[in-house]
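Hi everyone, thanks for coming. Please have a look at the sequence and the model on the screen, and then we'll walk through it together.

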Amino acid sequence: KEKVEITKEQQALMKIITDAYNRHQIPQDVAKKLLQDQYSAEENFLLLTEMATSQVQVLVEFTKNIPGFLSLDREDQIALLKGSAVEAMFLRSAQVFSRKMPSGHTEVLEERIRKSGISEEFITPMFNFYKSIGELHMVQEEQALLTTVTILTPDRPYVKDQQAVERLQETMLDVLRKLCVLQHPQEPQYFARLLGRLTELRTLSHYHTEMLVSWRMNDHKFTPLLCEIWDV
Ligand SMILES: O=C(NC1CCCCC1)[C@H](C1CCCCC1)n1c(-c2ccc(-n3cccn3)nc2)nc2cc(F)c(F)cc21
């Protein structure tokens with residue numbers, strides 16, 4: 001039975017990433033807003049575009065704290081951000097949905113999102129993903145590292161130096177693997193389950209353009225930043 005040990009530098013790396021992840025929360029708590037009031041499809045769409053725009057800005061700040069990210073080729077940094085922004089947004093949405101809330105709140109939140117204007121066909125896969133993330137009961141270090149691993153995906157479109165990204169991602173995967181073994185000793189397959197969610201996340205993210213244009217309203221407006229990031 002090999003003894004799993006997180007080295008001093010891996011400890012330091014995890015602290016930098018987790019602190020950065022927690023520092024860059026979304027300004028106002030979208031869940032609280034959705035629990036307070038019921039909004040029209042237009043208002044919900046505007047809320048989504050506002051939240052998504054600020055999430056991209058938060059993501060850019062977060063990546064600056066990933067050791068080694070700023071040493072990557074500048075254009076590759078952009079390609080990684082563009083390629084992971086939608087996945088990072090769904091991952092953060094899943095983490096918001098999975099937060100412990102007073103009893104009954106999650107049900108109200110789910111109902112508000114179901115009725116927000118998203119077309120029916122995407123509701124099930126989205127909530128299946130949210131619930132599968134919730135079942136993992138990730139600690140914040142795991143959440144931060146999972147987002148980092150998602151950002152450092154070497155095979156995003158237009159990445160030139162994939163090996164450099166692969167080396168960074170492997171560094172993060174090694175820490176995440178050890179953390180999973182230490183945090184979930186009863187579940188030797190936990191790390192594999194965690195990575196399996198990234199496959200589910202990529203599939204869900206394939207729908208996002210269709211989800212946007214099928215939002216139950218006319219004349220969908222996007223911010224310039226979202227036009228860059230979302231293929232709309
Ligand atoms: O604001 C949200 N998510 C943000 C984004 C940035 C980071 C923090 C959360 C939305 C929200 C905007 C208002 C209407 C109702 C949905 N949200 C979503 C969501 C829904 C659809 C999409 N789409 C992406 C492409 C097409 N649809 N993205 C996120 N899931 C959520 C889960 C929550 F617990 C939850 F609280 C909100 C959530």
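A word on the ground rules. This is a predicted model, where local features need pLDDT of at least 70 and side-chain atom pairs count only at pLDDT 80 or more, while totals for chains, interfaces and linings use all residues. Residues are numbered from 1 along each chain as its sequence is written, and side-chain values use heavy atoms, with hydrogens and water left out.

So, how many helices and strands does the protein chain have? There are eleven helices and zero strands. Here helices (H or I, at least four residues) and strands (E, at least two) are DSSP runs, numbered from the N terminus. The radius of gyration is 18 Å, close to the 17 Å that the globule rule gives for 232 residues, so the chain is as compact as a globular protein of that length. That radius is taken over C-alpha atoms, and the rule is 2.2 Å times the number of residues to the power 0.38. Along its principal axes, the C-alpha trace spans about 55 × 45 × 30 Å.

Of the 232 residues, 48% are buried; buried means under 20% relative accessible area, exposed over 50%, and partly exposed in between, using a 1.4 Å probe and protein chains only. Among contacts (heavy atoms within 4.5 Å) with a separation of 6 or more, 78% join residues 24 or more positions apart.

Now helix 6. Its 15 residues, 120-134, should span 21 Å at 1.5 Å a residue, and its end C-alpha atoms are 22 Å apart, which agrees. The expected span is 1.5 Å times one less than the number of residues. The buried residues of helix 6 include Phe122, Met126, Phe129 and Ile133. An α-helix has 3.6 residues a turn, so residues three or four places apart point the same way. What covers the buried residues of helix 6 includes helix 4, helix 5, helix 9 and helix 10.

On a 1 Å grid over the protein atoms alone, a cavity is a set of points where a 1.4 Å probe fits but cannot get out, a pocket is an open set with protein on both sides within 12 Å along at least five of seven lines, and lining residues have an atom within 4 Å of a point. Points are joined across faces, edges and corners, and a volume is the space filled by probe spheres set on them.

Which helix gives the largest share of the lining of the largest cavity? Helix 3 does, with four residues.

The largest pocket has a volume of about 660 Å³. It is lined by 32 residues, and Val30, Leu34, Leu48, Ser93 and Tyr130 lie nearest its centre.

Finally, two residues. Val56 lies in helix 3 and is buried, with a relative accessible area of 8%. Leaving aside neighbours within four places in sequence, Val56 is in contact with Ala85, Leu225 and Ile229. Ser119 is in the loop between helix 5 and helix 6, and at 11% relative accessibility Ser119 counts as buried too. Not counting residues up to four places away in sequence, Ser119 touches Ser214 and Arg216. Val56 and Ser119 are 63 residues apart in sequence and 24 Å apart in space, C-alpha to C-alpha.
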